[in-house]
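Please find below some numbered points on the model, set down in the order in which I would raise them with a colleague.

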Amino acid sequence: MHDIPVPDRIEARYLLPNRGTTILLAAFVAVGAIAFIALLGMNPDRAWQSYVANWLFFTGIAQGALIFCAATVITKARWNWSVRRISLAMGAFLPLSYLLLLPMLGLREAYFPWIDKMAYDEIVQLKAAYLNIPFLITRNVVGPLVLFTMSLIFMYWAVRPDLAPERARDEGGVTGRAKWRDRLSGNWLGQEAEEARSWQKLKVLAPALILVYAVVMSIVVIDFAMSLEPHWFSTLFPVWYFMAAFWGGIAVTTITMVLLKRGNPYFDEHMGPQQKHDLGKLVFAFSIFWAYLFWSQYIVQWYGKLPWEQAWYIHRSTPEWGPLSLLAIGLCFLAPFILLMGRNAKLNPTFLGSVAFIAMLGLWLERWLLIAPSLHVPGTPTITFWEPLIGLGFLGIFALSVRWFLSTFPVVQLWQHGVDPERFDREIPPPVDRERVVV
Amino acid sequence: MATVTEKVDRATATHPDVSSYTEVNTDILAMLSRPGKWWWILFGLSVAGIGLLAFSWGNQLINGIGLSGLNTPVGWGAYITTFVFWVGIAHSGTLISAILFLFRARWRQSIYRAAEAMTVFAVMTAGLYPLIHLGRAWHAYWLFPYANQRMLWPNFRSPLVWDVFAVTTYFTVSSLFFLLGLIPDIAAARDQSRPGTLRQKFYTLTAFGWRGTDRQWHHFGKAYLFLAALATPLVLSVHSVVSWDFAMSIVPGWHATIFAPYFVAGAIFSGVAMVITLMVPIRKIFGLEKYLTVRHFDAMAKLILVTGLIVFYAYLNEFFMAWYSGEDPERRVFWERLFGHYWWATWIMLICNGLIPIMLWFKRVRHSIAALFVLTIFINIGMWFERYVIIVTSLSTEFIPFAWGIYRPSVTEMGIVIGTFGWFFFWFLLFIRLLPPVALAEIKEVLPPPMRPKPRQEVPR
């Protein structure tokens, strides 16, 4: 919008390397890896369930944040000029996420109950064309590969105009930055031409990326969560997953913004009331949207009272799982709804960030609840300290990759598109009778 | 130098050819005075449509619901189809006025008044259908939540009763929103109408003493923002509840969890298409080219594209899940949709809602108003058929092959369906003659404010 002031010149500022934080995050990764290996030795089924749930959560929010960035490109949003790069940075996790996905493709009978049921269950046999291992592996290798590659191309065009060779002095002598600038800014056309070209590429890529996102995330979540109860099906389920991931992307952008504001007065100044208020509103709105989707799925199946549909909800409302389900609803919906309703709540960064963090804890729990109750062995605990520990490992990898991105590329996007780059002067011909209108 | 700045302005200004506040008042309020030949022709057609409605419905009231093609097993047919169609049309008004307002999409100012009016009249049209469908319309008050003399209440577990709440709430809030936004503009019309006329008295009454003081604008702005925030959930809730009329029952093809968001997206899809279908002739007849520029049509076309893609995702998702369910009735209904007795309706739906909107990916199509007009008519047709497909194909081939049956709309039903279009356009045409159909005050907000001319400065080159 034209009433949102964007400074004419934005300085290149990076996230400064901080040994303490890096060591802490590396420790997270180590703890997560040790926990996973230890649990793998004791209870491999549970270790893999936890792994997949964490993968779905972190990949979801990383890809969701990038999709959020793409959506603001499509709508030519100006308000997020100072936080757009933060959303983009989450994509740095995606290449690692792809590597983390590959071991999941080795999962067999212990994770996918339909493999055993295929022998005797007539309904599952009808699904054999979709539920079979070769096709499962093919679609989960190809789908995320296409999606993540497109995401990386999108990120490339978004950062490229910031890597002008004449900006080399901005780098502060950090060799990593110079290396990446040299790699990504080959055949430099000049600042203006680069910006025009990038904008053109992003405009075309963004809608395509969102389409692929919807399809690929649907496939992934159908395979790794829905098919765990092979008789259960819900048309809304994939939508619920990827829209919640989109919400997670907004929330994690908010949390990162709050953390950046703390450490650096430059960021604090530019990520101001506009950004806080708007991100706060979006976290609030999409939390309600999460509840809407949850409810739309729940009420139809509750009311329909078909045994194979209700089974999924019954597994999640037993005395063991019920309290956790309620907790997830409380954290994902009630907490943001009540706490973020007011204007002051959205403008107070600590408060806003904490509520977004609480909501993400809820979403993390929700991901666990998509998987674990379907495979639950009666008598075993519902959630243990192992799941958060493995989650800590994923958090470490996620945060390290995002930190790397923000310390290699400017935190605030240096180039900004115009007010409305789409020109209409050709379509709106100049007036014929200009004199008439003079009053 | 002057040409250069003008050119830049033309590319970025929302209304490059509107130069002053006075001009806005003159142009828009002129619509209230000169109907012109085309308006009368359209109005005559709408009155004829109402005549058809009155005749067909009257005939059905006297001779009974048997005049419709409704029978076992297809008990819901063209009436419910058209009910859902009109509730869907009613969606874009509040979306444009509330959600786009909250999202600061300024392009809405030129179209939102007409879209809101369309919303109100579309709900009024949709509201006729439950009465028509009841057959014995004089029992309609049984739907309302109060106990009869044996203290029996309507069944609150029935989604049809939820519908009564959802639609009446939506009607109340969208009317309030519509009337609130009108106040400053009615005051402008009041100030320009001849004193002593009936028109002036009407405007005086409905302007609620608006004088345009700071205090009034302050309250107006607050009220508008709060209403927008309160109306936003309604955009989603109404059509969700309408979709649950179907999804709650276990009829194959109806019992799908995606129905709520899918119906909402479809409603916005058809609603925005209808706004374009309506605005193109109005723009032409009343010479509003300055106010409704290609920019506005382009933005609406993009909105159609987005919601159309959501709808298409839902189609694919439904076909896939029907197969994946492994349930025989579920699989068969979707097979029957594509290749059964009603194949033509399904293919009309898929082509009009899935294939034709693909053209909107191209800027040249989005920027051609003639193309958009034709395209949106196809979308309107496609969306009517979508509801027809959902309702009729599912009911005609339910669980037991023994009880299958074919439904064909009767002449009475067609008369009523066509007649209600006359009813809708009757109100809409009256509206554009009686109330300012373009929001004066909001257009002025985006025009460059009037300033004393500055002394010309040469820009060094």
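1. In this predicted model, the lining of the second largest pocket draws at least two residues from each of α1 (19–42), α2 (44–74), α10 (237–263), α14 (322–339), α16 (349–375) and α17 (386–408) of chain A. The volume of the second largest pocket comes to about 1,200 Å³, and its lining consists of 43 residues, with I255(A), L259(A), F357(A), L395(A) and A399(A) lying nearest the centre.

2. Turning to the interface, 60 residues of chain A and 51 residues of chain B take part in the contact. Together the two chains bury about 4,700 Å², and 64% of this area is on carbon and sulfur atoms. Of the area that chain B buries against chain A, 17% is supplied by R104(B), T257(B) and Y324(B), which is more than any other three residues supply.

3. Which residues form the salt bridge that involves R104(B) and chain A? The rule finds one salt bridge across the interface of chain B and chain A, and it pairs D278(A) with R104(B), whose closest N and O atoms are 2.7 Å apart. Counting residue pairs in polar contact between chain B and chain A, with both residues at pLDDT 80 or more, gives twelve.

4. On the side of chain B that touches chain A, the elements giving two or more residues are α1 (2–12), α2 (21–30), α7 (159–192), α9 (214–247), α10 (259–285), α11 (294–325) and α14 (363–366) of chain B. The largest share of that side, 13 residues, comes from α11(B). By residue class, the side of chain B that touches chain A divides into 23 nonpolar, twelve polar and 16 charged residues.

5. Over all chains, a search of the whole structure finds 20 salt bridges. Within chain B, K290(B) forms a salt bridge with E23(B), and the closest N and O atoms of this pair are 2.4 Å apart. The pair links distant parts of the chain, 267 residues apart, since K290(B) lies in the loop between α10 and α11 of chain B, whereas E23(B) belongs to helix α2 of chain B.

Technical notes: Residues are numbered from 1 along each chain as its sequence is written. Chains are lettered from A and ligands numbered from 1 in the order in which they are written. This is a predicted model: local features need pLDDT of at least 70, side-chain atom pairs count only at pLDDT 80 or more; totals for chains, interfaces and linings use all residues. Side-chain values use heavy atoms; hydrogens and water are left out. Contact means heavy atoms within 4.5 Å. Buried area is the accessible area (1.4 Å probe) that two parts lose on being put together, summed over both. A salt bridge is a side-chain nitrogen of Lys or Arg within 4 Å of a carboxyl oxygen of Asp or Glu. A polar contact is a pair of N or O atoms within 3.5 Å; within protein, one must be able to donate a hydrogen and the other to accept it, and residues adjacent in sequence count only if both atoms are side-chain atoms. Helices (H or I, at least four residues) and strands (E, at least two) are DSSP runs, numbered from the N terminus. Ala, Val, Leu, Ile, Met, Phe, Trp, Tyr, Cys and Pro count as nonpolar, Asp, Glu, Lys and Arg as charged, and the others, Gly among them, as polar. On a 1 Å grid over the protein atoms alone, a cavity is a set of points where a 1.4 Å probe fits but cannot get out, and a pocket is an open set with protein on both sides within 12 Å along at least five of seven lines; lining residues have an atom within 4 Å of a point. Grid points are joined across faces, edges and corners, and a volume is the space filled by probe spheres set on the points.
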